[in-house]
Amino acid sequence: MTAETSQTLDRGLRVLKLLADTDHGLTVTELSNKLGVNRTVVYRLLATLEQHALVRRDLGGRARVGLGVLRLGRQVHPLVREAALPALRSLAEDIGATAHLTLVDGSDALAVAVVEPTWTDYHVAYRAGFRHPLDRGAAGRAILSARKTTEAGHPGYTLTHGELEAGASGAAAPLVGVSGVEGSVGVVMLADAVPERVGPRVLDAAREVADALR
């Protein structure tokens, strides 16, 4: 902590991060131990965060992330989109296909940024706001592959054909190492199969976007 920072705010943010990293919530005692502060301080932090709907406590007294975080999260999309656009533009122009950034939204994959190539005669019309199940299409499948990947290796790229649109093929690679963001970068094209060079290029673009978001 420096003279310019707020200890109380720092602790409150640490509480949110701790709660975001668990599916089962944390008790006041567990938070107290993790933060290294007494229970009274934790009670005050939780009460303040509850007032802003950033934290909720269940009947058993375990604290969890509140729905107010979702309202804040909706404002993250424009920031993520802006950071990703340079890499998406480069990918779309290089491959000659529609490039997209897709994020997890509940049980769906949601396209939050789309860039179409400027020099092709035709390309797939793919719009920001388009959503589909995570287990269909390259974008969603790439995200699921990252969830299954262990520390032994890093996820590669995913190829699909005709899962979301007849005659269209897709390639996508997940964002890796970006705290709080789960998503993928990919391209969709009118082709029976994805050309060999596209997968590695998509993987590079996903790394560029991940670097921009760190």
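**Reading the cores and helix packing of a predicted model**

Biologist: How many residues does the largest nonpolar core have, and which have the most contacts inside it?

Modeller: A nonpolar core is a set of buried Ala, Val, Leu, Ile, Met, Phe, Trp, Tyr and Cys residues joined through side-chain atoms within 4.5 Å. Buried means under 20% relative accessible area, exposed over 50%, and partly exposed in between (1.4 Å probe, protein chains only). Here the largest nonpolar core has 32 residues, and L88, L91, L101, V185, V187 and V198 have the most contacts inside it. At least two residues of this core come from each of α5, β3 (98-105), β4 (108-115), β7 (168-174), β8 (183-190) and α7. A second, separate core has 15 residues, including V15, L19, L26 and V42.

This is a predicted model, in which local features need pLDDT of at least 70 and side-chain atom pairs count only at pLDDT 80 or more, while totals for chains, interfaces and linings use all residues. Residues are numbered from 1 along each chain as its sequence is written, and side-chain values use heavy atoms, with hydrogens and water left out.

Biologist: Which residues is L101 in contact with, leaving aside its neighbours within four places in sequence?

Modeller: Contact means heavy atoms within 4.5 Å. With those neighbours within four places set aside, L101 is in contact with V80, A84, L88, L110, A111, V112, A113, L175, S184, V185 and V209.

Biologist: How many helices and strands are there in the protein?

Modeller: Helices (H or I, at least four residues) and strands (E, at least two) are DSSP runs, numbered from the N terminus. The protein has seven helices and eight strands. Its C-alpha trace spans about 65 × 35 × 35 Å along the principal axes, and 40% of its 214 residues are buried.

Biologist: At what angle do helix α5 and helix α7 pack?

Modeller: Axes are lines fitted to C-alpha atoms, for helices over the stretch in contact, and angles run from 0 to 180 degrees between N-to-C directions. Angles under 35 degrees count as roughly parallel, over 145 as roughly antiparallel, 65 to 115 as roughly perpendicular and the rest as oblique. Helix α5 (residues 76-95) and helix α7 (residues 198-213) pack at about 160 degrees, with axes 9 Å apart, which makes α5 roughly antiparallel to α7. From α5, V80, A83, A84, A87, S90, L91, D94 and I95 meet V198, R201, V202, A205, E208, V209, A212 and L213 of α7. The residues of this contact comprise 12 nonpolar, one polar and three charged (Ala, Val, Leu, Ile, Met, Phe, Trp, Tyr, Cys and Pro count as nonpolar, Asp, Glu, Lys and Arg as charged, and the others, Gly among them, as polar).

Biologist: Is R201 buried or exposed?

Modeller: R201, in helix α7, is buried because its relative accessible area is 13%. Not counting residues up to four places away in sequence, R201 touches S90, L91, D94, I95 and E208.

Biologist: At what angle do the axes of helix α1 and helix α3 cross?

Modeller: The axes of helix α1 (residues 7-20) and helix α3 (residues 39-51) cross at roughly 75 degrees and come within 10 Å, so α1 is roughly perpendicular to α3. T8, R11, G12, V15 and L16 of α1 make the contact with V41, L45, L46 and L49 of α3. Those residues divide into six nonpolar, two polar and one charged.
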